[in-house]
Structures are given as C-alpha cells and as structure tokens.
Amino acid sequence: MTPHQLHRLVLDNGLRVLLAPNPVGASIGVAVHYGVGFRTEPEGGTGLAHLFEHLMFQGGAGSLDGAAPTGYLPRVQQAGGVGDARTRQDVTVYYAAAPASALDLLLTLEADRMRAPRISARILRTQTAVIDEEIRLMVRNRPYGAFPWVLPRTLHRRTENTRDGYGETADLTAVGIPRCERFFADHYGPGNAVVTVTGAFEPETAQRLVLERFAPIPARPSLRAPDPHEPPPAQERRLTVTDPHAGQPAVAVGYRLPDPVTERADYLAHVVLAALLGQGRQALLRRGPTAAVRASSLSVGCGLFGLPLDTAGPDLLTLFAVHEPGADDVLTALDGTLAALAHDEVDAGLLRATTARWAAGALRELGDPGMRAQLLGLREILFGEPELTYELPELVRAGVTGEQVSRAAARLASSCRAVVRFVPGAAATRGADRVRVTA
C-alpha cells in the first residue's frame, strides 16, 4: 500500500467516490464536493450557494440510521473531529478531519444531509442574519474588504463571472423555503457530487460503508451550470474604491489566466511567475528599489482565493499591495519587472529555489488528511483528474522552465488587466453595495 494509492468508484445514483488510504497516522479526512458555486446561482438568487453552505451545517433530517437532527458540527466535535466548508465559483465543499474511528459517523452525517437537509423558517432567518453579520465583519467594516471581489467585477462582463460569494442583501432577504428546496433539488443530487475519503482506513471497509450510507439516496437530475467562458477584455479597466476603513491607499491588479484545461502548461508557468513576483524574501517585486520601499504589504497569487486550479472557468492572477500614496509606483515596478522577465529569462538558481519552495508547500498540504481530501475531490469534480493533486508539486518543481516563465511574463505585459485603487476616505454604503466605486 502506497501513500498515493487511489480507488475510484461510481454508485448507481451517479455519486463519484475517491478512496485514498494512507497507513501513516491515525486520522481520516472526508470531503464532499458539490458542483455548485456562486457562478451557478440563478438570476435574482445571488448568495444562495453560500447560504446553502450555512444551511447544510444544520444537519440532515435524520433519515439514515436514526441520525438525530442535532446539527452537523456538534456530532463531529463530540467524536474528536473538526469540520468546515467553502463556497467557490463552481464548487461548494464540506470537509472534516477526525480520528479514524469516526469514519462511519462522518459518512452517515454527510449522507444524511445529502438526502435531505434540515430547513425551516427559523433556521432560514437565523442563517440569513449570520451571513449579514459575516458581510458586515468581512466586507463592510474591514479595510480593503472589497478585495478580491472587486477584481472579477471589474475585469469580467458575463453576469456569472462578476458575482461575489456573499450575494446581494435584497436577494438574500427574499429567499424562502420553496426557493431553498428548489436549489437543493437542482444542485445537491448525488450525481453532482464527489465523496473523498483519505487517511488511515482499509479500502474494503470504507467502500462497504460508502455503499451502505450513500447508495440508498435516490438519483435525481442536476441543473447544468452555465458556461462561464468569455473573451478577454479588449482594454485595461480601472476603478477607484473609496474605503472608509483603509489606513493607507492600496492597489489591486487582476490578469486573466490561461485556461487550466486546454492551456495547462501555460497556466502552471503563471503559478511560478506569481511566486517569483510576490512570494518569499526573494520576491522580485520586493527587490526593486521603488516597490521595496513603498509597498508595506504585498501578495501575488493565482486563483481568486490564492489556490491554483480552483476553478475550470475564467480565473485571475491577482496582486494586492498596500502602499504609500502613489499607486503608480507599484504599477511601474510591476510593469518593469514583467518587461525584464519577458526580455531575459529568470535566473536559473532563483527559479529552482522558487519552484522547490512552492512544491514543498504543496507537499506539506498533502500531509493533512483533511486538506488532501479537499484537493483530491476538487480536482476530480473540476477536471476529472484527482491524480493531479499528487502530480502538481513535481509538475511545478521540474516541469516549468525559465522560457515558459518569460512567455508568461510577456503575456501579462501585453494583456488588458483590471486595476483597482483603494483610497482612504469616508463613504456611505448604498443599499447592497459594500463600497463606493467610481470609474
């Protein structure tokens, strides 16, 4: 048995299952990915995907093995585990890590809420209020809280690609139980899901438990997600955000990434380029005299949330820098660095160090069963390639050349980007708007 052993099966109801046993350790990870995110939300139903993430934590209706409807997290925690969830552009994932003895419990709870979650008027009111408070803390009252949401809203034109994960307040307050039931029926069927189990378990035991818990769930059709692809922008797009909570000005930049399916090698070159530009002590944007002095905070990454290969649709390479007055200094440093990389290949030693550091970080993530379950299931539901999770560290470390990085830099230098300036100052929110935006 090897740490990278992977078993795949598909149940009669369409549910895909990945089993990744690892004899090292005594814990397990379970993740359930559904092919629905905030790009999938219906017109007038923004925020539904994230709302449903909250609703699913109320637990299932108790239809499997008499599972009591006491909520999901308390039962996981009683077993010594932890659990959480994330809503992304195309995927919502629910995940937990626990001692190996809790495998049956975790599968039972996940199957229970896949069959029928608990939804009532009281639960709906409570969770809508919780989300409103989350928006207040994370967006309205947080310095630079519009980042990263404002970048796709600026760069893209298709409605699906401009949504943020929280939705509009008016849409959320109008949600009723019938719409929730419709959303669940459309997107939470077993044929639109992947169950991943990792860690210390016997494959035969896990397969038996998966069949016992999930096979009885009836198949149901899932609503097809809209195609989010759109042509890249024909010109640079700029916005100014007046942020009452910002202590210093900041600038955010977004570039369209290559397609992760049809242009995989180019995509990975951009991952390395992002690491070269803004990650670690040797980051190129930290070494330039202007940027090093004027940017007090700097981050560069691929993916709207900093995780590469997080979506199969249009995605961004993003830069965010908090700086002294003068955003042009940061942009000048960025443009100059891209031009230099496009003209001359990156130093071979720096490239080796950067790709080795990136690969080491990716391998550390795989050491955690909960994270491993999330990544395997993510690459399965998006690309049908769970093995990519194991292959990615070496693809980056040994597979990306200096020539490819130069081409990636030249591509960014010639592409039309989004530039958003954050300006400190008083601003009143308008209805569902969290920031005051001026062209």
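**Close-up views of the sheet, its packing and the cores**

**View 1. Strand 4 and strand 5 form a hairpin, with four residues between them.** The model shown here and in the other views is predicted. Strand 4 (residues 82-87) and strand 5 run antiparallel and are joined by six bridges. Within this pairing, D84 stands opposite Y95 of strand 5. Strand 5 spans residues 92-99 and is mostly covered, with six of its eight residues buried.

**View 2. Strand 3 is bridged to strand 5 and to strand 6.** Strand 3 (residues 27-34) runs antiparallel to strand 5, and eight bridges join the two. V32 stands opposite Y94 in strand 5. Strand 3 also runs antiparallel to strand 6 (residues 193-199), here through seven bridges. In that pairing V30 faces a residue of strand 6, V197, which stands opposite.

**View 3. Helix 15 packs against helix 16 at an angle of about 100°.** Helix 15 covers residues 369-383 and helix 16 covers residues 388-399; their axes are 9 Å apart. The angle makes helix 15 roughly perpendicular to helix 16. On the side of helix 15, the residues that meet helix 16 are R372, L375, L376, R379 and F383. Their counterparts in helix 16 are L388, T389, Y390 and L392. Sorted by class, the contact between these helices has six nonpolar, one polar and two charged residues.

**View 4. L19 is placed in strand 2.** L19 counts as buried because its relative accessibility is 0%. Beyond its neighbours within four places in sequence, L19 is in contact with Q5, L6, H7 and L9, and also with V197, F201, P203, A206 and Q207. V197 is the residue of strand 6 that stands opposite V30. The C-alpha atoms of L19 and V76 are separated by 20 Å, the two residues being 57 residues apart along the chain.

**View 5. The largest nonpolar core holds 55 residues.** Of these residues, L273 and L319 touch the most other members. Helix 10 (residues 264-278) supplies the largest share of the core, ten residues. Leaving aside neighbours within four places in sequence, L273 is in contact with L338 and L341, and with V405, A408, A409 and L412. Another core, of 54 residues, lies apart from this one and includes L19, A102, L172 and F201. Two of those members, L19 and F201, are in contact with each other. In soluble globular proteins, nonpolar side chains tend to be buried together.

Terms used
Residues are numbered from 1 along each chain as its sequence is written. This is a predicted model: local features need pLDDT of at least 70, side-chain atom pairs count only at pLDDT 80 or more; totals for chains, interfaces and linings use all residues. Side-chain values use heavy atoms; hydrogens and water are left out. A nonpolar core is a set of buried Ala, Val, Leu, Ile, Met, Phe, Trp, Tyr and Cys residues joined through side-chain atoms within 4.5 Å. Buried means under 20% relative accessible area, exposed over 50%, partly exposed in between (1.4 Å probe, protein chains only). Contact means heavy atoms within 4.5 Å. Axes are lines fitted to C-alpha atoms, for helices over the stretch in contact, and angles run from 0 to 180 degrees between N-to-C directions. Angles under 35 degrees count as roughly parallel, over 145 as roughly antiparallel, 65 to 115 as roughly perpendicular and the rest as oblique. Ala, Val, Leu, Ile, Met, Phe, Trp, Tyr, Cys and Pro count as nonpolar, Asp, Glu, Lys and Arg as charged, and the others, Gly among them, as polar. Two strands pair if DSSP finds at least two bridges between them.
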